[in-house]
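Q: I would like to go through the packing of this model with you. Please give the cut-offs as we go.

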Amino acid sequence: MCDRDGTFYRNFSRRSFLKTTAAASATVALPAHLAGLLMPTPAFAATTVKATHGSGFCNMGIFLAKERALAKADGVDLEFVVTPSNTEITTMFGAGLVDISMIPYSNFMTLYDAGAPVKIVAGGGVQGCIIVAKEGIKSAADLKGKTFGTFQADTLEVLPYDYLKKAGLSFKDVDIKYLDTSPELAQAFLAGAIDAICHIEPYATQCVTGRKGATILSDGTDLYGPGYSDCVLAVRTPLIEKNPAAVKAIIKALFVAQSQAEKDKDAALKDTVGKYYKTSMDAAINASNKQPLCVDQRNQTQFIIDRGTSMQELGYVKKAPDKGAFEWSLLESVIAENKALYDGLKWKSAA
């Protein structure tokens, strides 16, 4: 489907998404365009960890870990496998073709519910899920009958669902459009093809500043409070069992990245804007404090579990995750072994 400005989007069905993620709970034959992304395993594979990632500021830690080789000192090479769309990030991780994923907690739920051997071992970023609407839309009630863009089974779908529900509305009151990538979602709004969106930083700020009259309806803190989880580091259980040291090395690298970003945000942006964030430096600087890194998200365990209710109501999972979805012991071990590093962090769990 194409709008008048030439911006393409797909209106995926939840049934097709669920078929994809259910299939991803076991090793499956991938489409050629995905299988081709996986290069032959090199000789040093014992220390190479393959990862997928998202595109928001919640991923800055893993981007810095990659760009600055922050796990190298502990004998681990982090290798990214780039996917064409957000949905395929979940597919590849669930199928066991990558070891770890920086992934929205909601996408993790679909895999966990389907029986995939995956665990949440650390956090990525907090806050930063933002509902942006065009001129004239000032409340949830104003969204009735309007087009609304988001990603499927994403935290960016959970927030607007909860936002509308709190106002006594539902997705039946809006025209939901599911898009593929962060730049595509932002451009659809900026081009006037969609009336409102839920997006992450730095793209949400890009949308607010780039479309005249645009306004923020919710930044999530009005519903969830400050410090709510967005993305998490999920790891396949076989890697945890076979090579816990490698997982710890990645978690430590994320802590180092968080520390570096908190101390020198400009340097962190210079290393990531352009290559990972398809937005201007000005928009990135403006958005830089709205979605902070937070590796220690133990205090978000119950928040994530509670969001399972919304995921059930949306039809993505049969039941909410339980505490068995989390494996915090490796993170706790890294904290104990790197006390000075941990103590110097601004954002961390109160647990």
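Q: Which residues is phenylalanine 255 in contact with, leaving aside its neighbours within four places in sequence?
A: Phenylalanine 255 is in contact with Val295, Asp296, Leu331, Val334, Ile335, Leu341, Tyr342 and Leu345. Contact means heavy atoms within 4.5 Å.

Q: What are the ground rules for these values?
A: This is a predicted model, in which local features need pLDDT of at least 70 and side-chain atom pairs count only at pLDDT 80 or more, while totals for chains, interfaces and linings use all residues. Residues are numbered from 1 along each chain as its sequence is written, and side-chain values use heavy atoms, with hydrogens and water left out.

Q: Back to the core: which residues touch the most other members of the largest nonpolar core?
A: They are Met60, Ile62, Ile100, Leu143, Leu233, Ile251 and Phe255, out of 112 residues in that core. Helix H11 (residues 244-263) gives the most to this core, with 10 residues. A nonpolar core is a set of buried Ala, Val, Leu, Ile, Met, Phe, Trp, Tyr and Cys residues joined through side-chain atoms within 4.5 Å. Buried means under 20% relative accessible area, exposed over 50%, and partly exposed in between, with a 1.4 Å probe and protein chains only. Helices (H or I, at least four residues) and strands (E, at least two) are DSSP runs, numbered from the N terminus.

Q: How many aromatic pairs are there?
A: The structure holds 13 aromatic pairs. In phenylalanine 57 and tyrosine 277 the ring centres are 4.9 Å apart and the planes at 85 degrees, so this pair is edge-to-face. Rings of Phe, Tyr and Trp (its six-membered ring) pair if their centres lie within 6.5 Å; planes under 30 degrees apart count as stacked, over 60 as edge-to-face and the rest as tilted.

Q: Where do phenylalanine 57 and tyrosine 277 lie?
A: Phenylalanine 57 is in the loop between strand E1 (48-52) and helix H3 (60-67), and tyrosine 277 in the loop between helix H12 (265-272) and helix H13 (281-287), so the pair ties together parts that are 220 residues apart in sequence. Phenylalanine 57 is buried at 2% relative accessible area, and tyrosine 277 is buried at 0%. Ring pairs also link Phe57, Phe63, Phe80, Tyr276 and Tyr277 into a cluster.

Q: Which ring does arginine 211 lie over?
A: Arginine 211 lies over the face of phenylalanine 189, at 4.6 Å from the ring centre. Lysine 348 lies over the face of tyrosine 342, at 4.8 Å from the ring centre. A charge sits over a ring if NZ of Lys or CZ of Arg is within 6 Å of the ring centre and within 35 degrees of the ring normal.

Q: Changing topic, in what order do the strands of the open sheet run?
A: The order of the 5 strands is E2-E1-E3-E10-E4, with mixed pairing. Strand E2 (77-80) and strand E4 (118-126) stand at the edges with a single partner strand each, so one side of each has no neighbour in the sheet. Two strands pair if DSSP finds at least two bridges between them.

Q: How many bridges do E4 and strand E10 share?
A: E4 and strand E10 (residues 229-236) pair in the antiparallel sense over 7 bridges. Glycine 123 stands opposite valine 232 in E10.

Q: Which peptide bond is cis?
A: A cis peptide bond joins glutamate 201 and proline 202, with omega about 10 degrees. Proline 202 is in the loop between strand E8 (196-199) and helix H8 (203-210).
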